[in-house]
Amino acid sequence: MSATDIPEASTDPRSDSHSLERSAKRFGDTFFRGLSTGSGVLILLILAAVAAFLVGLAIPALLADPETFQFSRGQSFWKYVAPYAFGTMWSAILAMIMAVPVAVGIALYLTHYAPKRISSTFGYIIDLLAAVPSVVFGLWGIAVLAPAMRPLFLWLNEHFSWIPLFAGQVSGTGRTIFTASVVLAVMILPIITAISREVFLQTPKLHEEASLALGATRWEMIRQAVIPFGMPGIISACMLGLGRALGETMAVAMVLSGSGIISFKLLTSQNPNTIAANIAQSFPEAHDIGRNQLIATGLVLFIITLAVNMTARWIINRRKEFSGAN
Amino acid sequence: MSKRIEIKDLDIYYGKFHAVKSVNMTIEPRAVTAFIGSSGCGKSTVLRSLNRMHEVIPGAYVDGQVLLDGVDLYAPNVDPVRVRRQVGMVFQRPNPFPTMSIKENILAGVRLNNARISKSAADELVEKSLKGANLWNEVKDRLDRPGSGLSGGQQQRLCIARAIAVEPDVILMDEPCSALDPISTLAIEDLIKDLKEEYTVVIVTHNMQQAARVSDQTAFFNLKAHGQPGELIEMGPTEKIFHNPDQKATEDYITGRFG
């Protein structure tokens, strides 16, 4: 509204605060509606642009004659990408198995066991862990964790080699998929912890009291009221963690000495590489169709991540009526 | 089962705050006892001290005795978890577990403490508890639906069914109708009258007509002044408290000449 409107408005008796007529455009409403709609559209556009880029540059690799490939010449693209897709999911799954119970445990401790003072300081430290750059985790993985894991590997190999996971010749460097997964687990721990903690704090007091009044112990109360109520949130938290584990590049590229093989063995020097790490390691030497090949693997990673997220949404929606949201 | 509660010289504290001062009373079995009084006078605190639920607030403690058929609930070797199994509670807002079906809600208490129950026994218990809460006919065809899909009054009766499923000796009700419409309230009041055949029932209410309608004994709590601990002013048969109280404060409160 410009300054010249004001005297005009005040002389017109109908435009005072008693008027029921629709006033001229409310600038604030229009502006913020435009801003929020625009932001929503923008993220869709960015996503579409990324997808278009990936598909556009991946198609040449998908259509090309495998004999012209730079990487794994003579094999189809799917044969080329399969081990990396496997390595990506295998390392992420291992990381999740290690991180989720610990993260949920920490979140429960912070919200339901720890004294107030400890819980706020502790929570702050967890958040700090999320701020450590992945290259630092990579350095730590190579310099500290890998050598430190060696004795554990030897012990596991000696006593449990009858389990196929722990069979084979133990790696001399310790830079195996197991070590890489531990690094990933440490990296995704803070995000899962932070979100789970927020979710657990949201549990209605009423439900906790309902459980206690039935004669539940503290742990039973957590199992009966807190965890079921927080389950959708825990799943969301896990998906964010999983997304990070699937896409993590630097730390894996540094720690893992991998190659294009499929192997479930955790302790040997023959390890599958991940898609992201393989792209980072191979891109500097890639040219022509080789670039397209790597971008096509990127597209596969994109699709895997998308599929994981959609599965999670589906799981959450399936139990919607029991979610406590109604 | 139904047990007598005797409260002897009970003082309740939240940290440094002295909430309730030297309460002495006897709550008879197979009867409904109503606690009335203005907000903040400690009646809910006293109610919660009867199954040690006030202890969920950090720093809460009591001085004195609460005897359940002669056994002190605050003796050092008493486990609050076991106390709550014998003294059930229904809250102001209906709070069925939203993540559970109607049936699972009923069985929630029974399945605690690693107890196992056969499927037929479970079905029997669900039916018996829901019938005991006058809810069976309304929900028998949808036992596997979420409890949160019921109306407020039905949810509250579900909570009562859940409380009686563990076969407590005493049922405490903390303003059980204050979030309900008049028809649901009536249903709960009818239910309360049925419950006293088997249980000791203690109810906190702000609704004096309700106290007059459902209770056999009434206890009136009051504060001397703001910041002072709440006290039991007078307790007696409901008829007497409402028509011929001994204390001036009680009469003022009953007749609405209060505060």
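Keep in mind that the model is predicted.

Let's start with the rings. The count comes to 16 aromatic pairs over all chains. Take A:Tyr80 and A:Tyr84. Their ring centres are 5.4 Å apart and their planes stand at 75 degrees, so this pair is edge-to-face. Both residues belong to helix H3 of chain A, four residues apart, about one turn of the helix. A:Tyr80 is buried, at 6% relative accessible area. A:Tyr84 is buried too, at 9%.

Now chain B. B:Tyr13 and B:Tyr61 have ring centres 4.8 Å apart, with planes at 10 degrees, so they are stacked. This pair links distant parts of the chain: B:Tyr13 is in strand E1, B:Tyr61 is in strand E4, and 48 residues separate them. B:Tyr13 is buried at 18%, while B:Tyr61 is partly exposed at 42%.

Back to chain A. Ring pairs join A:Phe71, A:Phe77, A:Trp78, A:Tyr80 and A:Tyr84 into a cluster. Charges meet rings here as well. A:Arg218 lies over the face of A:Tyr113, 5.5 Å from the ring centre. A:Arg318 has its charged end over the ring of A:Trp314, 5.0 Å from the centre.

Next, cysteines. B:Cys159 is buried at 3%, and B:Cys177 is buried at 7%.

Last, the surface. A:Leu42, A:Ile43, A:Leu44, A:Ile46 and A:Val50 make a nonpolar patch of about 470 Å². A:Ile46 lies in helix H2 of chain A and is partly exposed at 45%.

Terms used
Residues are numbered from 1 along each chain as its sequence is written. Chains are lettered from A and ligands numbered from 1 in the order in which they are written. This is a predicted model: local features need pLDDT of at least 70, side-chain atom pairs count only at pLDDT 80 or more; totals for chains, interfaces and linings use all residues. Side-chain values use heavy atoms; hydrogens and water are left out. Patches are made of residues with over 30% relative accessible area and no salt bridge: like charges are joined within 9 Å, nonpolar side chains (Val, Leu, Ile, Met, Phe, Trp, Tyr) within 5 Å. Accessible areas come from the Shrake-Rupley method with a 1.4 Å probe; for residues, only the protein chains shown count as cover. A salt bridge is a side-chain nitrogen of Lys or Arg within 4 Å of a carboxyl oxygen of Asp or Glu. Helices (H or I, at least four residues) and strands (E, at least two) are DSSP runs, numbered from the N terminus. Buried means under 20% relative accessible area, exposed over 50%, partly exposed in between (1.4 Å probe, protein chains only). Rings of Phe, Tyr and Trp (its six-membered ring) pair if their centres lie within 6.5 Å; planes under 30 degrees apart count as stacked, over 60 as edge-to-face and the rest as tilted. A charge sits over a ring if NZ of Lys or CZ of Arg is within 6 Å of the ring centre and within 35 degrees of the ring normal.
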